[in-house]
Amino acid sequence: MLPVGALSWWCVVVMLVCMQLRPVRADSFLPQSGCLCTADIVSCTAFGLQRVPAEIPVFAVTLDLSHNQLEQLEAGSFTGLVRLETLRLAHNQLTGVHSGAFRNSSGTLLRHLDLSSNQLHVLEQHYFQELPGLEELLLFNNRIVHVESRALAGLTNLRKAYLSHNRLTDFPFFSIQKHSHPLLSLLDLSSNRLPKLPLEDISNLPPAVQAGLYLHNNSLVCECSTYRLFRFWKQRGFDSIRFFQQEHICLVYGRQRGTLRVFQSGRYFENCNLTALKEQQSSVSVKAGKALLLHCLTSLSGSVTFLWVAPNWEYVVPPGNNGSLKMFANGSLEIMAAREQDSGIYWCMALDRQQQRNETWEVNVTVVPHHDRDAHEPFNTGFTTLLGCVVSLVLVLMYLYLTPCRCPPCPKARSPATAAPGNEAGPGSAQSSILTTTPPATTEGPGRKVHPYNYYSLLQP
């Protein structure tokens, strides 16, 4: 048995613990913070908050903390909010996100995170590690100068990422792959300070990411590689060019005074080689016996040397090898007549000896075998039918319009008095004139020679 005083003290302790563990009710949270609660939405906008409120109703699905004075997201700031799906933290003074800030929260349920209009400088790799279900990430209008290579790693459900209006001078495009971000369809990097584009990394992006990549209003240097890329996007009808064509600019020699609009300065880029504008996928197929042209896509310009490696590890340089492969000075490789043994991965290297830089590009070629039966079957059916129709038509036209040659007029019939003796049938007998194989001995007058046309004219129908 415990003393009465000890029992009372123990009851008080248990009561305090229970009060701490029970969920926060809206009617106890509202008077203390002044936030607004409607159904599953909690709004605490423009209250001058410097820290995330400690007691937030656990039923919150949407939490709005925008337009406050928040400077840091401490570890465990959103603990217990297991239903949270949308978190708005725009228009604060955030400079960093501590490790574990989203620990013990909804995790996979959080889909929308708005960190726009803050003062973030660097996106570190631990910022979003606890948010694998994130689908939309808003980071525009910050002061971000660098994105760590694994800052977006683990966000396999990410669909849209907005990083425009920052101070980025580079971006880890190589970290965006098909297996790591299979659903990503929009990546906004516009209105930054990107001076050059890594064409190899951009060409290796998934097709959906390329179609949704926005790069307008940057500090890009006017280069042929940049012009080729934007022209290629225009040909494909990408939304980034369709809706922001006038905003695609570049700087001549990197100077702000020499700003050009890319699609209105065709004369400046008239000497650029636009061969690479043709669509070049990383995997292509060709029928056996047909020619195939492969392009070596690169962002290097100036004095660039190209080299191809065939699937059989044969090195190919201009003008090509013994005849099956032909290489051009611009780096393109032509397979003259594709064979089944030409299938495989073709590897291209572009080398700039002056800048000591090199880039590579791979193309997987599949040669489809040629089947003779399939090739000659259309000839045996279609062509034969057409030829028969033409011959029949010619014969019909010959029968209708091609008449025999005209014969001279037949001579006048002889009178009965001058008929030759021995003609038993008499004059005018058709049997004697048609069935007799020898011409008559006499003509109209005595002593005249028989005209040969008389015999043939009687035989004509």
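# Briefing: salt bridges, sheet, aromatic pairs and surface

Arg339 has a relative accessibility of 37% and is therefore partly exposed; buried stands for under 20% relative accessible area, exposed for over 50% and partly exposed for values in between (1.4 Å probe, protein chains only). The model is predicted, so local features require pLDDT of at least 70 and side-chain atom pairs pLDDT 80 or more, while totals for chains, interfaces and linings use all residues. Residues are numbered from 1 along each chain as its sequence is written, and side-chain values rest on heavy atoms, without hydrogens and water.

**Salt bridges**

- Six salt bridges are found in a search of the whole structure, a salt bridge being a side-chain nitrogen of Lys or Arg within 4 Å of a carboxyl oxygen of Asp or Glu.
- Arg339 takes part in one of them, with the side chain of Asp342 as its partner (3.3 Å, N to O). Asp342 is buried, with a relative accessible area of 7%.
- Arg103 and Glu130 are joined through their side chains in a salt bridge (3.8 Å, N to O). Because Arg103 belongs to the loop between β6 (96–97) and β7 (112–114) and Glu130 to the loop between β8 (122–123) and β9 (136–138), the pair ties together parts 27 residues apart in sequence. Helices (H or I, at least four residues) and strands (E, at least two) are DSSP runs, numbered from the N terminus. Arg103 is partly exposed, at 43% relative accessibility.
- Arg111 and Glu135 form a further salt bridge, in which the closest N and O atoms are 3.7 Å apart. Arg111 lies in the loop between β6 and β7 and Glu135 in the loop between β8 and β9, so this pair ties together parts 24 residues apart in sequence.
- Both partners are partly exposed: Arg111 has a relative accessible area of 34%, and Glu135 has 27% relative accessibility.

**The five-stranded sheet**

- An open sheet of five strands has the order β16-β23-β22-β18-β19, with mixed pairing. The edges are held by β16 and β19 (315–316); each has a single partner strand, so one side of each is left without a neighbour in the sheet. Two strands pair if DSSP finds at least two bridges between them.
- β16 (residues 283–287) and β23 (residues 357–368) run parallel and are joined by five bridges; here Ser283 stands opposite Asn364 in β23.
- β22 (residues 344–352) runs antiparallel to β23, with nine bridges between them, and Met349 stands opposite Thr360 in β23.
- β18 and β22 are antiparallel and share six bridges, with Trp308 opposite Cys348 in β22.
- β18 (residues 304–309) is also joined to β19 by two bridges in an antiparallel arrangement, where Val309 stands opposite Tyr315 in β19.

**Aromatic pairs**

- The count of aromatic pairs is eight. The rings of Tyr214 and Phe244 make an edge-to-face pair, because their centres are 6.0 Å apart and their planes stand at 80 degrees.
- This pair links distant parts of the chain, 30 residues apart: Tyr214 is in strand β13 (residues 213–214) and Phe244 in the loop between α6 (239–243) and β14 (249–251). Tyr214 is buried at a relative accessible area of 13%, whereas Phe244 is partly exposed at 29%.
- Tyr227 and Phe269 have ring centres 4.3 Å apart and planes at 5 degrees, so the pair is stacked. Tyr227 is in helix α5 (residues 224–236) and Phe269 in the loop between β15 (259–261) and β16, so parts 42 residues apart in sequence are tied together.
- Rings of Phe, Tyr and Trp (its six-membered ring) pair if their centres lie within 6.5 Å; planes under 30 degrees apart count as stacked, over 60 as edge-to-face and the rest as tilted.
- Tyr227 is buried at a relative accessible area of 7%, and Phe269 is buried at 4% relative accessibility. Tyr227, Tyr268 and Phe269 form one aromatic cluster.

**A buried histidine**

- His295 lies in the loop between β17 (292–294) and β18 and is buried, at 3% relative accessibility.
- The side chains of His295 and Ser332 make a polar contact (3.1 Å). A polar contact is a pair of N or O atoms within 3.5 Å; within protein, one must be able to donate a hydrogen and the other to accept it, and residues adjacent in sequence count only if both atoms are side-chain atoms.

**Nonpolar surface patch**

- Phe383, Leu386, Leu387, Val390, Val391, Val394, Leu395, Met398 and Leu402 make a nonpolar surface patch of about 840 Å². Patch residues have over 30% relative accessible area and no salt bridge; like charges are joined within 9 Å, nonpolar side chains (Val, Leu, Ile, Met, Phe, Trp, Tyr) within 5 Å. Accessible areas come from the Shrake-Rupley method with a 1.4 Å probe, and for residues only the protein chains shown count as cover.
- Val391, one of the patch residues, is located in helix α7 (residues 372–401) and is partly exposed at 43% relative accessibility.
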